[in-house]
Amino acid sequence: MNLPNMKEAQTRTTDKTNYIYLNNNADKAYAGKKYFIRTYGCQMNVHDSEEISARLENLGFSKVETIEEADIVILNTCAIRENAHDKLYGFLGRCKHEKENNNKDLIICICGCMPQEEKVANDLIKNHPYVDIVFGTHNIFELEDMLLNKMERQDIRVYSKEGEVYENIPYKRDSKFKAWVDIQYGCDKFCTYCIVPYTRGKQRSRKSEEIIKEVECLVKNGYKEVTLLGQNVNAYGKDINDLSFAELLLKVSDTGIDRVRFVTSHPWDFSDDMINAIASRDNIMPYIHLPLQSGSSRILKLMGRRYTKEEYITLFKKIKDTIKNVAVTTDIIVGFPNETEEDFNETLEVVNECKYDSAFTFIYSPREGTPAAKMQDDISLEVKEERLHKLNDLVNKYAKENNLKYEGKIVKVLLEDYSEKDKNLLMGYTDTMKLVNVKADPKYLGSIVDVKITSAKSWSLDGEIVEEK
Ligand code: 5AD
Ligand code: SF4
């Protein structure tokens, strides 16, 4: 097979203006064909997959749930930690087997953050020639073109630099009730461990008027909830001299949408105006994801996080004191290079102080090309795993304690689907983002209803609808 080299692939030019909208020349070229899509990683990727789905359906594809039924398999990848790579390559092996043994015409496509890493893109070219199409996070708009002009050889399109911000992107949304709304792409924070600024590019905010237009359209179409998406939403607008995030939140709240959420916040740009905006509106949900990463000021400095342990706790308290019934969750990394027992104990101290509603915890994973990957590390994996277990025990304890406070209470839940654990139940989230499995008639799907909480577990609540008499 004639393989393109990376340079050729990366410099390949496409006139972007032709493809940002749905390609009008598609003419359902793939009518009757089926697509399977698997998404790894964060909400940005989940939302990108909604764009990919819209583009595939524009070509005539319809969605299936297994690779055996599919004519094209799309793997939308994540690069944040090494184990994301392992998961991808495991699944890719299954796709290869399917192509070699059952369906030689199966189109295998890899996209998302992993191909943005040169090492991965080169590996896909050299070692995985059965992969047909590879595209990066800045090239999704080219998917229809790649399929309409499908090449014999591997087609790789990875722009190393971010492009402009485009509007009117098509989405096939997974839910009829809640929607993701991008407000900004990329990240400028360059925390020393993090690959995101390299895979997603520098921060680019969308114009506030475009965001509001999108939310108004969602309200008109019956959506109950929007989640404003960005790697660091509090820095919204700073790159284009637009509204601040606090002002944007209030404008989105003014559209009359029932629920406004947002992820992710960085403690650094978290202003008093933001706290006051959240506290002032009933339709801005009292739920904040506030990544801590480490409780040691020494490690925070090495991570390039721009706040100390004390500053974080002060902010946390201000949030708790100002926003009624707010729930706060966090991200924590253990085993950053040379994290001492004292450093780790400081992380535990902050968890004891903040008593988070829940936390995502990770063992540090070196990412090639980031400053932290060059730091010498003398802590063994065994010690790191021990720390993770200890941290998880503490996190679980507080998660359960927080959830137990809900028992017997009546809370508002947006019923969004059938429950995964029991199809006779519905599921949804409280305003504080607690997952609730609810005994309720399916006619309430898509409604925000009162639910009495009957029992609490560490990671979810059980309840029953309180019907009006
Ligand atoms: N190793 C481990 N965890 C990481 N995260 C980001 N980069 C790394 C890394 N190299 C975690 C952070 C971030 C979350 C999305 O993933 O905690 O907040
Ligand atoms: Fe990564 Fe830091 Fe940006 Fe978050 S704020 S995406 S951790 S660089």
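**A walk through the predicted model**

At 0% relative accessibility, H47 counts as buried, a term for residues under 20% relative accessible area, with exposed meaning over 50% and partly exposed in between (1.4 Å probe, protein chains only). The model is predicted, so local features need pLDDT of at least 70 and side-chain atom pairs count only at pLDDT 80 or more, while totals for chains, interfaces and linings use all residues. Residues are numbered from 1 along each chain as its sequence is written, chains are lettered from A and ligands numbered from 1 in the order in which they are written, and side-chain values use heavy atoms, with hydrogens and water left out.

H47 sits in helix α2 (residues 43-58); helices (H or I, at least four residues) and strands (E, at least two) are DSSP runs, numbered from the N terminus. The side chain of H47 makes a polar contact of 2.9 Å with the side chain of E50. A polar contact is a pair of N or O atoms within 3.5 Å; within protein, one must be able to donate a hydrogen and the other to accept it, and residues adjacent in sequence count only if both atoms are side-chain atoms. Apart from neighbours within four places in sequence, H47 is in contact (heavy atoms within 4.5 Å) with Y171, R173, W180, D182 and L229.

Helix α9 (residues 272-280) has M274, I275, A277 and I278 buried. These residues lie on the same side of α9 because they cover an arc of only 160° around the axis, the arc being that of the directions from the helix axis to the C-beta atoms. The buried residues of α9 pack against α8 (245-254), β11 (259-263), β12 (287-289) and α11 (309-322). For I275 the relative accessibility is 1%. Not counting residues up to four places away in sequence, I275 touches F270, L315, K318, I319, T322 and I323. In the loop between β11 and α9 lies T264, and a cis peptide bond with omega of about -5° joins V263 and T264.

Now to the ligands. Around ligand 1 are I80, R81, Y193, Q293, D331, I333, F362, I363, Y364, S365 and R367; a residue is near a molecule if one of its heavy atoms lies within 4 Å of it. An oxygen atom of ligand 1 is 2.6 Å from an N or O atom in the side chain of D331, and an oxygen atom of ligand 1 is 2.9 Å from an N or O atom in the side chain of R81. A nitrogen atom of the ligand lies 3.0 Å from a backbone N or O atom of Y193. The protein covers 86% of the 400 Å² of accessible area that ligand 1 has on its own, computed by the Shrake-Rupley method with a 1.4 Å probe. Strands β13 (327-334) and β14 (358-363) each supply at least two residues of this shell.

F190 belongs to the loop between β8 (184-185) and α6 (196-199). Although F190 is not a glycine, its phi is positive, at about 50°. F190 is partly exposed, with a relative accessible area of 42%.
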